[in-house]
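Look at the structure below and keep it in view while reading. The text goes from a single helix to the whole chain, and then to the question of confidence.

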Amino acid sequence: MSNRWVAGNRFELLENGEAFYPRVFECIAAAQHEVYVETFILFDDKVGRGLHEALLKAAANGAQVHLLIDGFGSPDLTPAFTDPLREAGVVLHVFDPAPPILGWRRNMLRRMHRKIVVIDGKQAFVGGINYSADHLADYGPEAKQDYAVEVHGPIVGHIHAFTKAAARVVQPSRRWLRRAKPEAEKALDAAGQAQAMFITRDNRDHTTDIERHYRAAIRSARKRVVIANAYFFPGYRFIRELRKAARRGVEVVLILQGEPDMPIAKAAAETLYANLLKAGVRIFEYCERPLHGKVALVDDEWSTVGSSNLDPLSLSLNLEANVVIRDRDFNATLSGRLQHLMDNACKEVDATQIDPPSLWSTIRSYIVFHFIRKFPRWAPRLPQLTRPTVAPLRL
């Protein structure tokens, strides 16, 4: 992970599975030395089998291959799927943050939500796209809208060191928060003009890093802030920065779910609408299909792409990873794609059509807001029955 700007990078935006899967599978299959893949969801469908084939090809090339999945997000992989990987030498890790008690999983909401690929220590992919067919348009109305980036340049060394450290962790009982120290990043040649940081969120050393970078960028905004995020329910300080930016004349735009895959996410976000609209924030609801993206831009240089939603799970519990980018060309590309969404697949929320909040709705919103904000503190204690198919890796 980098805590300073790293120069000399190049980023390519990959929108949806149609752009992401062919490119990432091609690069994995061509690996010669090592591959690290981290994902929240891996299903045994046509996309999962595409990844499966690419990993087997990399292993046949002699590459050392590590695959880290989340035990909650990828619960149904059978031996028919996993055994060929193991036989080929692929090291399969499953994130499960606490030993089960009588077969019941604890901390069911504490998830490894990152989506990262690193190939031969020279090339990386970071974003929000899982390995499942619902990221392809031919899946139908429930197909997800999402984003990732292909990364070249010195920042890849930071991402590489991080994924190697994650793969080395072995969990003794009650020590799941410990992680191996990253190795020194390998020096890579410059590949472009972009400055970048690789930022992560965990439950020990970097609990608020992603949120802090968002807030700092919003605080520095002079012209515009555009945030497209699937699950939007940040805390008071984040909302305050958005309102303050809008009130000092910055154009603040939120692109949120209009056709959600989880209706409760939209209901929670709607409790914030009146407060945001009153301050001058513009809200667009993406209505073509479920929005799964986690991207943002500020002014003409700053952008971020990654796995982190802006809700209590991502900001308070999950393991997440984003890249933060300073580059005018990339900012312009992302801006163009988000403008295309707003022009062609979104409806703007009209502040005049929102009724003034009644006393009851104000009380209800207050209760819902504080319930959801404090939910992560006690929800991880709730158990869930699981059937592990592979030995877990405790991170």
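Helices and strands are DSSP runs, numbered from the N terminus; a helix has at least four residues and a strand at least two. This is a predicted model. By that count the chain has ten helices and 17 strands.

Begin with helix α3, which covers residues 79-87. Just after α3, Gly89 takes a positive phi of about 100°. Which residues of α3 are buried? They are Phe81, Thr82 and Leu85. Seen down the axis of α3, the buried residues fall within an arc of 80°, so they line one face of the helix. What covers the buried residues of α3? The cover includes helix α2 (46-60) and the strands β3 (64-70) and β4 (91-95).

Next come the aromatic rings. A search of the whole structure finds eleven aromatic pairs. One of them joins Tyr214 and Phe238, whose ring centres are 5.7 Å apart. The planes of these two rings stand at 55°, so the pair is tilted; to count as edge-to-face, the angle would have to be over 60 degrees. Tyr214 lies in helix α5 (residues 209-220) and Phe238 in helix α6 (residues 236-247), so the pair ties together parts that are 24 residues apart in sequence. Both Tyr214 and Phe238 are buried. Elsewhere, Phe20, Tyr21, Phe25, Phe125 and Tyr131 form one aromatic cluster.

Now take the chain as a whole. It has 395 residues, and 58% of them count as buried. Its accessible surface comes to about 17100 Å², and carbon and sulfur atoms account for 53% of that. Consider the contacts between residues at least 6 apart in sequence: 82% of these join residues at least 24 apart.

Finally, how confident is the prediction? The mean pLDDT of the chain is 87, and 82% of the residues reach 70 or more. Over residues 170-179, however, the pLDDT is below 50, and this stretch has 19 contacts in the model beyond near neighbours in sequence. The pLDDT is also below 50 over residues 382-395, a stretch with 53 contacts in the model beyond near neighbours in sequence.

Definitions and conventions: Residues are numbered from 1 along each chain as its sequence is written. This is a predicted model: local features need pLDDT of at least 70, side-chain atom pairs count only at pLDDT 80 or more; totals for chains, interfaces and linings use all residues. Side-chain values use heavy atoms; hydrogens and water are left out. pLDDT is the predictor's confidence in each residue, from 0 to 100. Contact means heavy atoms within 4.5 Å. Rings of Phe, Tyr and Trp (its six-membered ring) pair if their centres lie within 6.5 Å; planes under 30 degrees apart count as stacked, over 60 as edge-to-face and the rest as tilted. Buried means under 20% relative accessible area, exposed over 50%, partly exposed in between (1.4 Å probe, protein chains only). The arc is that of the directions from the helix axis to the C-beta atoms. Accessible areas come from the Shrake-Rupley method with a 1.4 Å probe; for residues, only the protein chains shown count as cover.
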